[in-house]
Every structure is written in structure tokens, then in C-alpha cells.
Amino acid sequence: MDLRQGIGPRRPGKTADEFQQDLLSNLFYRRGTTVESASARDAYETLSLTVRDRLAERRSRTAAAHFATNPRWVYYLSAEYLLGAQLEQNLLYSGTGDLAAEAVKTLGFSLEDLEDLDIEPGLGNGGLGRLAACLVDSMATRDIPAVGYGIRYDFGIFHQIITEEGQTERPDDWAFHGNPWEFPAPDDRQTVGFYGHTEPIPGEQTRKRWVPGEIVLGEPSHMLVPGYGTETVNIVRLWRARGSEASFDLSRFSAGQYAEAVQEAVRAENISKVLYPDDSTELGRELRLKQQYFLVSCSLRDIIRRFRLRNEGWAEFADKTVIQLNDTHPTIAIAELMRLLVDEYEVEWEEAWSITRRTFAYTCHTLLPEALETWPVHMFERLLPRHLEIIYLINMLFLKEVEARFPGDHDRVRRMSIIGEEPERRVRMAHLAVVGTEAVNGVAELHSKLLRETVLNDFAELWPAKFQNVTNGVSPRRFVKIANPRLSDLITEGLGGDGWLGDLERLAGLEALAGDASFLERWRAIKRANKVDLAAGDPDSLTDVMIKRFHEYKRQQLKLLHVIAMYHRIRADPSADWVPRTVLFAGKAAPAYHAAKEIIRLIAKIAARIAADPVVSPHLKVVFPENYNVTLAERIIPAADLSEQISLAGKEASGTGNMKLALNGAITIGTLDGANIEIRARVGAENFFLFGMDAYQAANAHQQGYSPWAYYEGDGELRAALDTLRAGTFGEAGQRVAGSLLGRDEYLTLADFRSYVESQDEVDQAWRDPQRWARMSVLNTAHSGFFSSDRTVSDYAARIWRVAPVPVPKED
Ligand code: GLS
């Protein structure tokens, strides 16, 4: 069957004239307006549709190629996607940037005007959600047949406002004006059950009937995910919850009970109402578990529907399907697939278990124990009674296996159980994720090693071969080409072509130019121009950036102690030759994470105080642009000189901002944590400012009687900084932060202070030699090619997914 029948002569054209005609046609017939009355929004929507049409044509060829091949598919299950703004990326990937820039002029607008209207869907919190977006980009770029599944939250990550009082949150109604990039697919709607009870089926041992107490509809829509330099266009399919027809109570409505009449529908729709704004910690709310099951149930049924379109029986399911679990959030999928196979499709337990285990793979993104999800058994029992029964059975069979391997080792059995007993009975999702999958990976070398040695040590002893590392990566298209067009042009010129955008290791060719004075001069001029664009501070100052979520383990407070130390030094000797710095913080704190919000408040106070100080302000400025998101990151990263990656070693699983910054020629000051280690190994120790203890020293410190007071007593500069905070110079926020640091100092901030400040002094030294700095900067870019998400995807494809690319033929 030719799936493209009917597209025929109406295919979008390639010439400027055709693009122009299509734009006008979309303006008239799809937007329903005219050139004379078109608003900027009309122009934006129309342009987006015109670009989308070109991708949709490629999508139809992709679907045809996939249909003809019946390949092994990758399904990426993720509760979060931080896709970023779509217009520029889709112009780049469809090669229509120049056509579009010309065509929109006839509507009276510039492309830049319209890009400002392109709101990013903030369907994620931070690194984990952005990683999902980079991976789907790279899967398409590497021609891997894939679908990303997620939730279409009505409200994404909150909009952050910064005042002198710190952070306040506003709802993010991202699709208020509609989303031109999205295709609704109501025919693929799914039905999801919650609550209720289970019933035995006469004559059946393992099969049960689940009678849910609540039914919710999942309505999908999808966004197109084009590959770069290839014809493939994959999709991200997002589910939105709706009440069923029965959820509207007409008789109550007629009786004037309007709120009661819709309460069931409202309850249903609440499931996809809002993204949970916590990162790395869990609030443990029932609604969140409901979201997770909603995502999983809709997606698995969709995956099965797609499988059954092309195949018969279950024998091939695990050969044709790999489902990657992005952290534990979608882990309930393991129990759900078992339930679907055993209860609904009547597959025998053993066969179902073999299929399930071969189908799933799990990526862990944390080392923080509090971030490993667990759910109270009583909540599970109420919400998902059948799944709990299935988990009990999985657990019983699994623990038998453990007992057989380690006879008499009861403590091990207790540690490994999927059900934790203390202090209350809870389902340990990470354990379920390890037991029910074929492969488990961490996201950087150190992280994967520490997972094996600590958090998942018992499992790694049982199944050593299951554990792998796949170091994260980032999309060079979004984070270099789109974010930093000046640098991209220079790189392309330097390397004699733009092949590096699809093969990032080619950046190594820049090494040959790192000794070329005129190249270095141009490199510096670009950094300066990017700083002028960002307009955060003096473009000739050292732009020192710390951009990431606020979390105590990331240690924004360490950076602040350094800022206060600089402040004291300058005040003590105002006429010395200080290296001028602009210290830029950006990032959000979870609304309920008070300690993190206190740090934001403190930054605001310090920034205001320094700005008002005529002695210090010529040398030091602290800025906090609000509402950090992908769009803002794309402006800050190209302007950064120094990249702060200062988490306590052993806490940051990988980091990906560190990669984006290094790629854009920022030099890292960092600990031996996450992917910093791999960055340093590649860019060279001499082009990286290292400080602080390593993960093993950090892990032992508290046991060995760590005392923050000893550091306070022993270091005059540190003491002065803390005393300033304690004295209330920077308000109550400062006092509280100091209190926490001198209390337990969980993340060993004081212990690493001296080493950090010494390293910062080296930063100043290096900055005083502009040639040297520029050379270090070029070498950072040159040796960051490994950190392309294309490489990450190739690693997953080869070692975990075992999928082959399916190239899509070009248009004939
Ligand atoms: C995270 C980690 O904290 C980051 O270190 C990591 O880079 C990212 C992607 O693997 O995943 N885990 C998490 O819960 N949020 C993250 O950003």
C-alpha cells in the first residue's frame, strides 16, 4: 500500500515561490484571515503550519519506510520532555530558514518578530526532561524508528518571577494560544482504569479480573521530531486526560448542581493538569502515581496496537519492541505489561515474564536516596489493586532466585525486596525497574560505577552483565548551531564545512587552529558579541555562570561564599587590579523546597547590595535573570566564559549543562562529579579548573566526624564570609543559609571552600592572559565532540536497544 496516496500533487514545494504560495494559502484557508489584517500571531501560526507541512510530508515517507520494513522499534517512556522552542529548530531541520525569512516579509513581519511568539512547551523540570528531548532528536537523526511517549500537561514547569524576596511561581499556561506544532489523534484514544477491586476467574491460577472504580480517557496528540541531515521524522506522542462521556452528569446539571455535574470530569482532567515541579526529590502524592500509571497504560496499549497492526501473536513482541524507562517514573509499566499479557491476552505467566523482561530497559538518573521513588503499599493497593498483586508475585519469584543464589542470606533478601518494610511498607520502584528489565544504565561513568558499588550493589552482584553506562549527550544543533550562530559559522569556516553538526567528533579539527592568533582573536570577538547580546553585564568582564536547578547538593551556596569573599577582598583593597566578573545565576527551585528558595533569596539580596556599593560594583556584579528555561539557556550559554559545575562529588549523576557550556567554549570550574570527569579527561586537565574532594572522600566525611566548625575556625576568609551572613548583612536568608552550613553542612560546602577559592584564583590568573584563555576555550570546544547526543543514541542503539537504522528514501 502506498501510504502517500492522496498527497500527490499537493506536496509542499521547494522553491521560494512555492513556499510563498503555501504560506498565503495557509493564511487564507487554515488561519482564515488575509494579508491586510494578519496579526503577528496570524503570521506566526501560518508560518509554523507551512513549515510543519514540509515535515509532515517527510513524516509520511518515514511512516511508509517503517511500515515496509517492520523494524524493531524503540519506545521512549518519559514523564518529562523539555523540547524547547520549535520554530527555529524546524526551520533548520527542514532547510526552509531562508525561504521563510523572505516569505514572512510579505505579511509585514520579520522572522525574529515571529520567533518571539514561539513559546516552548515546558513539559519537564530540568536535565532529565531536556535529555529526553535531545535523545528523541538524535534518534531521528540516526534514523532509528522510535516514538517518545509523554504527558501533555496543561501547565508545564511554573513561570518563575524573581524579586528581592526571592522566587515566586506563576502557572505556565504554555498552550494558551494553541500549539501549531501539534497534531491531535483522537482516534487513538485509550481508556485507563483506576481503583476498584480484583476478582478471581474460575479455574484460573494467576489470571484475575480487575474491576476499576474510575475510568479516564487518554487522548493523544503528537509533535513531529525531525532528524538532522536525514529524511526521518519521528514523533513524540503526548497524552491528555479527559473524563468519559459518562463523567458528565446531565441530570445534576439540569437540577442546577453545576459543580457536582462536572466533578468527575474535573477529577479525570486533573491527571494531566500540571507537571510536578520537583526535581530529584519526591513529594509522594497519589496524583503523581496516577499520572505515572496514566502515561504507562495509554502508551503500552498504543505500543501493543502498533505491534498488532504489523504482527501476529506474542512470540515476536520482545524482538520488535524495546521500551526505555526514563528513570523510575514509568516503572509501573512492568506490572502493567504483565497485567495486559496475563489478564487480558491470556499469555502464561512465565512467557509473559520472559517477554516483559526482554522488552524493558531502565535508565537511572540519580544517586540521591531520596530521589529513588517508593510508594506506600496502601496507596498502591487502593489505586492499582491488580498491579500490587502482580508486583507481589514478581517479588516472590524474584526473592526465591536471590535465596537460591545466596542461601541463608536473609539480610540480602530483605535489602533486595521490591517491598520495603521499614518504616512503613512501600513499593520500591527502582528495584522493580531492575528486576523487570534486561539492561540498567547510569548516565555517566562515575554514576554507573557508583550505582554498581552503592545504591544497586546487591543487584549488580546478582546480575553483573545487566549494568551498563551510557554517558549523556546534548544536541549540537540546538545548543551550538541555533543558540550560537556566530560560533557555528566560525567553526564551519575553520573546519571547511558544517559536517560537524552531524558528526561532532569532527570538532577535533579545531585543535589545529588553537595556535592561530587571528582565529583566537575572532573566537574572542564572538564571545564578546554574545555577551553584548545577552546584556547581563560588562561584556569585557569574566562571565561566570551557574545555570541549573537549585538544590543544596549542587551547591549554589558555595558560589555565594566565593562571591562574598570577593566582595570582602575588593572592599579591603578597592584600587587593586581586580579581574571584573559578572556572576550569573539562573534556575528554578521546587516551590516546596524551602532551603533552595532561601538560597535564591540570598542571591537577590547579595546582588542588590553589591549593585548599590560604589566600591565593589565596578568589579563585581551578580545577576539573576528569571525564569530559566531552554530558551533562556540558549542565550546564556553562548555568552559564558566560566561554567560552574561545583556539586559535591558523588551527587550529580551526570549534568548536561556542563556539556553545553564546554561545547560553547566556556571553561569549567568543577569537582570530580558526574560527567565533569569525562569532560576533563577529554579537554585536558590544563583546560579545566579542578577542585574539591572526590566521591569517595565525600562519602566518608560525615562518618569520620566531619565538623563544619573546624573549617570555620581554620579559614579566616571563610569565617569572615560566614560571619557576614550570620550578622544579618544579607537579611534573614543569609542567616538561615549560614545556620544550615554551620549546622550539619550535609553537602560539605565548607570543606571544599578553600580548594574552590584557590581554583578561582587560578581562573583569574588565566583570564589575565586573553590569548591563553581563548586557546583554552577553543580546546574545550574542540574536544567536546564526544558529548553529542547522537553518540549517546548510538551507544544505546548498539549496546542496549540492539536496533538498526532504517533510512527513509528521499522524495522522488
Ligand atoms: C538528572 C540528574 O540530576 C542530572 O545529573 C542528569 O544529567 C540528568 C539527565 O541524566 O538527570 N536526574 C534528575 O532527576 N534530574 C536530572 O536532571
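**From helix to ligand site**

Helix α2 covers residues 40–69, and at 1.5 Å a residue its 30 residues should span 44 Å; the end C-alpha atoms lie 43 Å apart, which agrees. The expected span is 1.5 Å times one less than the number of residues in the helix. Helices (H or I, at least four residues) and strands (E, at least two) are DSSP runs, numbered from the N terminus. Directly after α2, Asn70 adopts a positive phi of about 45°.

The model is a predicted one: local features need pLDDT of at least 70 and side-chain atom pairs count only at pLDDT 80 or more, whereas totals for chains, interfaces and linings use all residues. Residue numbers start from 1 along each chain as its sequence is written.

The protein is divided into domain 1 (11–69 + 85–119), domain 2 (70–84 + 120–471) and domain 3 (536–787), with bounds that come from an automatic or database domain assignment. Between domain 2 and domain 3, the C-alpha centres are 35 Å apart. Their contact takes 39 residues from domain 2 and 31 residues from domain 3, where contact requires C-beta atoms, placed from the backbone, within 7 Å. On the domain 2 side, the elements giving two or more residues are α6 (127–141), β5 (159–163), β6 (166–170) and α17 (445–453). Of these, β5 gives the most, with five residues.

An open sheet of six strands runs in the order β22-β21-β20-β23-β24-β25, with parallel pairing; two strands pair if DSSP finds at least two bridges between them. At its edges are β22 (620–623) and β25 (689–690), each pairing on one side only. Strand β21 (residues 581–586) pairs with β22 in the parallel sense over four bridges, and Val583 has Val622 in β22 as its bridge partner. Helix α23 (residues 594–611) packs on this sheet, touching β21 and β22, and its direction makes about 145° with that of β22. Such angles run from 0 to 180 degrees between N-to-C directions, with axes fitted to C-alpha atoms, for helices over the stretch in contact.

Where does the ligand lie? Domain 2 and domain 3 both give residues to the shell around the ligand, so it lies between them. The ligand is surrounded by 17 residues, the closest being Gly127, Leu128, His365, Ala653 and Ser654; a residue counts as near if its C-beta atom, placed from the backbone, lies within 6 Å. By class, the shell holds five nonpolar, 10 polar and two charged residues. Here Ala, Val, Leu, Ile, Met, Phe, Trp, Tyr, Cys and Pro count as nonpolar, Asp, Glu, Lys and Arg as charged, and the others, Gly among them, as polar.

Notes:
Contact = placed C-beta atoms within 7 Å.
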